[in-house]
Amino acid sequence: MYQFWNDSAFEVKIRDYRRDFHKYAEVKWTEFRTASIVAQRLDNLGIRTLLGEEMSVKGFQFAYPDDESRDAEIARAIRQGGDPETIEKMDGLPGAVGIIEGGKPGPVIAFRFDMDALLTTESDTLDHYPRKEGFRSVNEGYCHACGHDGHTAMGLGLAEVLMANRENLCGTVKLIFQPSEEGGGGARGIVARGILDDVKYFFAVHVGLTKLDGLPLGQHGLICGVKDLLDSRRYDFRFRGKAAHSAGDPHVGKNALLASCHASMAIHSIPPHSEGVMRLNVGVQQAGVVRNAVPADGYIQVDMRAENDVVGEYAERRVQQVVAGAAAMYENELETTLIGKTCAAASDDEAITLVRRASESVDWFTEIHDVGSAGGTDDAAEMIRRVQRNGGMASYAGLGCDFAAGFHNEAFDFDESVMIPSIRLLNRVVELAGEHARENEQ
C-alpha cells in the first residue's frame, strides 16, 4: 500500500484531478460534472456509490436554483465532460457517497470532502499560477477560491489507497463528497438521509486553514483541534417603499434607501451577548436609481456568526427586530429571505488526538497547532453534531500550507504539495480509528 507515497504517477494523478476540477469550477447545487467524475472514479475502483436521493433528501437545501437555471448547468456539465447517465441518476442533487467495506470487522468511519466553488471571477493576471499552467476556471464568474477542488482530489486519492488495502481494512469507510458547502446547506440533506447515523468516527479537513496570520511561509503545519465552528445565519432583506420627486412632492415618497441605511446602522449597534462570540455584518447594500427621486427599493445582505445556538438565536431575533423597525419607521414593506443557516459545532478531544497522532507519521507536517476557533463556519458542523448525538466522535482540522491569497479571493491558490501528505494522514487516521475502537471494546 505504501508505494503510493513514493509513486510520482500517483502524485501526478491527484494533481491532475485537482486541476481538472479547478478548471471546470461549479458552484453550489450545480456540481454535476464534478460529482459525475467522482462517481465514475469510485465505480471504477469497485466502490459502492450512493447518488441522488440515496445519499440526500430534497427539501433541506438553501438557495437551490430554479429548474431552468439547473437544467442549463446540467447541460454545461455534460458539454464539459460530465457523464449524462450518472448525472441523471442524481435527480438534481449533485454529490456522491462512496462506501468501502473492509475485510475485517471494525467501526464505521466517515470523511467529508466538499466540492463547490465560489461565485467569484478568477484572477487573469499573468502571474496567477492556474492561468500560467492552463487550468484557470473556464466558467467565468465561478472560481475555486477556497480549496475544495483539492479536497475532492484528496478524497479520490484516499479511495484508491483504501481499496488497495481493502482486505486489511478494519470496518467501513464512508467518503462523503458533499455539494454546496458555501451557504447552500449541502450537509443538511445528507444528515437527514441518515448517512451519518451509524458513523463512530467523523473527520473533515480543509487545506490552508490558518488562524489569524497563519503559518510562516515555507512551513507545513497541521492546524489540529479546531474546537469551535461558528453558527452561521444569512438573510437578505428587501425594502419596498414608494417613489416620488425629491423636490416636487417628497412627502409622498417612502424612502427605502433611508430604511435600509437605518437598518444597517442598527444591526452594527446590536450589543454583544455575554454567553459567546457574535459577529454581525451587512455585506451588501443597494438602493435608488436616480438622484432626484425618493428611492422606492432598498436591499441589504446580512451575515451573522455566533459561538453557540443561544447567541445565534439572539442575533437572529435582534436583527429581525431592528430591520422590521427600520421598515416601519419609513413605512416600507419588508421582504425577508433566509439564504442559509449552519449550526455551531466543536471537535472532540479524543478525535483531535487521533488526528494529531496520525500527523506524527507524516514528515511533511512539521508543526502542530491547537486552535480554539477557526474564526469561521463550515456546514460539516451539521455532520459533526449528528455523529456526536449518536455517541460517536468527530474532528475538524486544517492542513496548513502556503497559499497565494486569502480565502474567497480571486487570486487564491494553494500549494499542491499538501495533497499527498494529507491523503497519507487520512489513511493513517483510518488505521488509528480502528485501533481505538478495538481498545475500547476490550
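Biologist: Hi! Which elements do the buried residues of α11 pack against?

Modeller: Hello! Keep in mind that this is a predicted model. In it, the buried residues of α11 pack against strands β3 (104-114), β4 (170-178), β5 (201-207), β10 (333-342) and β12 (393-400), along with helix α7 (186-193).

Biologist: And which residues of α11 are the buried ones?

Modeller: The helix covers residues 380-389, and its buried residues are A380, A381, E382, M383, I384 and V387.

Biologist: What comes after α11?

Modeller: G391 follows the helix, and its phi is positive, near 95°.

Biologist: I spotted E382 among the buried ones. Which side chain of opposite charge is nearest to it?

Modeller: That would be R188, 4.6 Å away. A salt bridge needs a side-chain nitrogen of Lys or Arg within 4 Å of a carboxyl oxygen, so E382 has none, although it is buried.

Biologist: Which residues does E382 touch, then?

Modeller: Leaving aside its neighbours within four places in sequence, E382 is in contact with A187, R188, V191, K341, T342 and C343.

Biologist: Okay, how much space is in the second largest pocket?

Modeller: About 260 Å³. Its lining is made of 14 residues, and those nearest the centre are R188, C343, E382, R385 and R389.

Biologist: There's E382 again! Which element gives the largest share of that lining?

Modeller: α11 does, with four residues, and E382 itself has its place in that helix. The elements giving two or more residues to the lining of the second largest pocket are α7, β7, β10 and α11.

Biologist: And what classes of residue line the second largest pocket?

Modeller: By class, nine are charged, four are nonpolar and one is polar.

Biologist: Great, thanks for walking me through it!

Definitions and conventions:
Residues numbered from 1 in each chain as written. Predicted model: local features only at pLDDT ≥ 70, side-chain atom pairs only at ≥ 80, totals over all residues. Heavy atoms only, no water. Buried < 20%, exposed > 50% of the residue type's maximum accessible area, 1.4 Å probe, protein only. Contact = heavy atoms within 4.5 Å. 1 Å grid on protein atoms, 1.4 Å probe; cavity = no way out; pocket = protein on both sides within 12 Å on 5 of 7 lines; lining within 4 Å. Points joined across faces, edges and corners; volume = space filled by probe spheres on them. Nonpolar A, V, L, I, M, F, W, Y, C, P; charged D, E, K, R; others polar. Lys, Arg positive; Asp, Glu negative; His and termini not counted.
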